[in-house]
Amino acid sequence: MNNPVIKEALNYEMVFSQDEIKRRQYEIQEKAIRDYNSTILYNHNRQEGLKEGLKKGAEDKAIEIALKMLENGSDVNFIADVTGLSVEKINEIKK
């Protein structure tokens, strides 16, 4: 309490807390900031989920194509070229 900066901050807080209009404006501003941050985080997580889903869907489709190509007797290296899957992954699918 001997620090003049802390005393000034406490005095400002006391005056501020007694002014209902300023306090309400502050609360509205803080809510807007929290809402904004929450929206940004939600959108970021949603975009990451979409990217992950698209990647998974593309891999599932590549596996489906590889299975059809294996059924038709295509060469493993050719299937790897066409689908983008690794030879190891195609050999796993083959089993």
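**Close-ups of a predicted model**

**View 1. Thr39, a residue in helix α2.** Thr39 sits in helix α2, where a helix is a DSSP run of H or I with at least four residues, numbered from the N terminus. This is a predicted model, in which local features need pLDDT of at least 70 and side-chain atom pairs count only at pLDDT 80 or more, while totals for chains, interfaces and linings use all residues. Residues are numbered from 1 along each chain as its sequence is written, and side-chain values use heavy atoms, with hydrogens and water left out. With a relative accessibility of 43%, Thr39 counts as partly exposed (buried is under 20% relative accessible area, exposed is over 50%, and partly exposed is in between, using a 1.4 Å probe and protein chains only). Its side chain reaches the backbone oxygen of Asp35 at 2.9 Å. Now look for Ala80: Thr39 and Ala80 are 41 residues apart in sequence and 41 Å apart in space, C-alpha to C-alpha.

**View 2. Lys55, also in helix α2.** Helix α2 covers residues 20-71, and Lys55 is part of it. Lys55 is exposed, with 64% relative accessible area.

**View 3. Thr83, in helix α3.** Thr83 belongs to helix α3, residues 76-83. Thr83 is buried, at 17% relative accessible area. The side chain of Thr83 reaches the backbone oxygen of Ile79 at 2.8 Å and the backbone nitrogen of Leu85 at 3.2 Å. Leaving out residues up to four places away in sequence, Thr83 touches Ala62, Ile65, Ala66, Met69 and Ile90 (contact means heavy atoms within 4.5 Å).

**View 4. Where α1 meets α2.** Helix α1 (residues 4-18) packs against α2 at an angle of about 95°, with the axes 5 Å apart. The two helices are therefore roughly perpendicular, a label for angles of 65 to 115 degrees. Phe16, Ser17 and Gln18 of α1 make the contact with Glu20, Lys22, Arg23 and Tyr26 of α2.

**View 5. The start of α1.** Here a side-chain oxygen of Asn3 reaches to within 3.0 Å of the backbone nitrogen of Val5.

Terms used: A polar contact is a pair of N or O atoms within 3.5 Å; within protein, one must be able to donate a hydrogen and the other to accept it, and residues adjacent in sequence count only if both atoms are side-chain atoms. Axes are lines fitted to C-alpha atoms, for helices over the stretch in contact, and angles run from 0 to 180 degrees between N-to-C directions. Angles under 35 degrees count as roughly parallel, over 145 as roughly antiparallel, 65 to 115 as roughly perpendicular and the rest as oblique.
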